[in-house]
Amino acid sequence: MKDHSVDHTINLEHEQEQEQDSLHRILVPDVRDLPLTPPSAIESNFVSYFAPDFTKPGHDQYVYRHANGLCVIGLARTHVAFKDTSGITAVDFNVGKSDRSGIKVTGKRKKNAQHFESNSALCKVNTDDASYIVRCCVKGSLLEVNDRLIKQPGLLNSLIEKDTLLLSCQNQQIGSKSRGRYWALKSIRN
Amino acid sequence: MANANTNNTEAEHVSIDSEAAHVISAVEECHDDDDVGALHDVVQGLPSHAVKDLLSVGVCTRCILRLFGIRGNIYSISAISPSILNSVIGEQRHGEDISSNSKESEFEEVLCALCLGILQFTYCDDKEIPVKKESANDMAVAISELVKREGYQIDSFSLEVSVPPIILENEHSVRLYMKRKYGTEPWFQGGPFSQSISAKDALKFSLAKPLETLLDCKSGISNFRIGLTFSHKASKVVQSVAVSKQGCKRIKTGNSIDSLDDSVAGDIKCSDLADATVERSFDGLQDNESSECFKFPLQKVNDACHLVLLCQRTPIYFGGRYLKYSRNVSQTRWIIDDERMGEASVEEIIGSNIQPLCQGDNYKFHAAGREDIDVRMLGSGRPFLVEVQNAHRIPSEAFVREIETNINNLENKLVGVKNLKVVGIEGWTMMREGEAEKQKQYAALVWISRPLEDVDLDSISSLKDMQILQGTPIRVLHRRSPLQREKIIHWMKIERIGGSSQYFLLHLCTQAGTYIKEFVHGDLGRTHPSIGSILGCRAEILQLDVTDVKMDCFLTE
């Protein structure tokens, strides 16, 4: 007498194994299709803009704009602040009328977001010798600032992209009418 | 007893539509004598002077029966008419043979002042043509013809009736009048009037049995609803009835029945909810107060009610699991500025294969979670529900299997379906239950900016139930709240890819709601820790696949 329940279990396991194998075959890519160096997340998802000498010579900043209208603003590698041997020693968001790091934006409608013009001051970065004001570059509402920079200003010096972002801002108007002196709409590769 | 029956029925037998004749006689043949006998008994049990009183005021036969709380199939007997009442009452009074005066014309020309003709099967159809059905059966025939014409395949039905609020008003007036006039009499003390049947229920009693015969199925709780909505033009509208310390207050608007002013707002319909509200208001009224509010005798009714017949099936649900093999197919229809994003959608592929086979009006797609358009859904699949509205047919099990095969054999092989079957409303709760706690398993194709080392495999595998903090990803921040979300990565495993030192497959199992892409590349530092931060280098994700949605519903049995 055959034990059908055992057979059934074995069949089920076998079936599941087969399923796993075929799943695995779909998952593993063909190495020949893979690029040597893939595009970064920034390159794939954002359009990069470079603003050289924004309001002042040497004040080079970048803006990454996402398809959904959000912008990330930061110091470009060529910013004059990085030329100081000490590097950046402090970041202070308390400029202008309010402390930018204190604003809490809530909800889908982004309540409490403060509206900024392109030359509004966002923060100050300090080196041993000098202090530089970083401006918004684009007109929009400020959603958040990178407050890790308050405790770890040295992150900016690392020049690793993920650490240099200063803030994100919701913007509707980038690219329209802003072809002023301080604005160069140029797409760059980092 | 036996004598009385035959004479009455033959005399009162009304002329009927030849079309429906054979059906009616089929129904009546079996029950004719019994029914009339039962009717006779019932009527004899009623106080004759009260019945005559009501008849003279313009209340129809069925309304009289229901005011006295009579229930059951008696309402569907076609022999019901004032003449029957009269003849039975005549017997009571004189104890002699039936007076010949009772053989009057059976046609109730006058609309019942209480039910506005509803229980006399008199109404205006949707083309505004006045209709008078001779019996409950005739009306049932009209209904069953509609059901068949619209092609519904049913195994049960439920009747739902809605009547204008003025009927409740009228009932209250009648009851008050009867209470005042006969309140002291012994039969009133027994309280039959307090057990009155509503006009709605009386109509249901009238139609249920004939419909069961014609449609060949039972009436009761069913997913197929036959709705009869009666409305009356320019009748009084009771806006609100408030009970205060001083007594009753009523705000009256609209015209009275007699003056048909076309400029006044049209039909006034009533829903069950409104009925309940009106009833509750009436219950609270003081009897003596309302003499000013209610008119008696009831106003004459010149127009019948307008009837809307609507057949509707409650939504039916198809449950199952779907797989998505393409990186260019969104889960639901996605259109921006008149342009479709992606090649197709899971929703449309599955829905468009189910809805037409049910002959439904439309469908809705629900899934337990979702994945991006460029992420494949593999493994056991993701649970989903397709809700079909007003299905005219419900496919059999075999037919449902055929639908599944059809979808899986589509030429472009974009989507697959497993375990498709018709489920009840419990399918809904099954899907939503624990959606937030369920774990999901993924396989990601990851690239790092330096060669992979053996020690990396260990450092990744050793992390169990690791907590991460994710700020709302920038790519969704425009439509979601800016929040910090704590998520758990249950386990991870690196699988090397032969022929590459910087690419590998990352298998991981995470809490529901984790953004995997951001966990790999770190979203500019807004998700930490991330794969990049753990391995100390830059990490990018090229491809993502969902390999398992760990939920119990719609699994292979």
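Two residues are in contact when heavy atoms lie within 4.5 Å. In this predicted model, the contact between the two chains takes 33 residues from chain B and 34 residues from chain A.

**The interface of chain B and chain A**

Together the chains bury about 2,800 Å², and carbon and sulfur atoms account for 67% of it. On the chain B side, Ile474(B), His478(B) and Leu524(B) lose the most area to chain A, together 22% of what that side buries.

One salt bridge is found across the interface. The side chains of Glu144(A) and Arg526(B) meet in a salt bridge at 2.6 Å, N to O.

The strands below each supply at least two residues of the side of chain B that touches chain A.

| Strand of chain B | Residues |
|---|---|
| β16 | 375–389 |
| β18 | 439–448 |
| β21 | 503–511 |
| β23 | 539–549 |

With four residues, β23(B) gives the most to this side. By residue class, the side of chain B that touches chain A holds 13 nonpolar, 10 polar and 10 charged residues.

**Gln114(A)**

Within chain A, Gln114(A) lies in strand β7, residues 114–116. Gln114(A) has a relative accessible area of 29%, so the residue is partly exposed. Leaving aside residues up to four places away in sequence, Gln114(A) touches Ser98(A), Arg100(A), Ile103(A), Gly140(A), Ser141(A) and Leu142(A). Gly140(A) is 26 residues from Gln114(A) along the chain, and the C-alpha atoms of the two are separated by 8.3 Å.

Technical notes: Residues are numbered from 1 along each chain as its sequence is written. Chains are lettered from A and ligands numbered from 1 in the order in which they are written. This is a predicted model: local features need pLDDT of at least 70, side-chain atom pairs count only at pLDDT 80 or more; totals for chains, interfaces and linings use all residues. Side-chain values use heavy atoms; hydrogens and water are left out. Buried means under 20% relative accessible area, exposed over 50%, partly exposed in between (1.4 Å probe, protein chains only). Buried area is the accessible area (1.4 Å probe) that two parts lose on being put together, summed over both. A salt bridge is a side-chain nitrogen of Lys or Arg within 4 Å of a carboxyl oxygen of Asp or Glu. Ala, Val, Leu, Ile, Met, Phe, Trp, Tyr, Cys and Pro count as nonpolar, Asp, Glu, Lys and Arg as charged, and the others, Gly among them, as polar.
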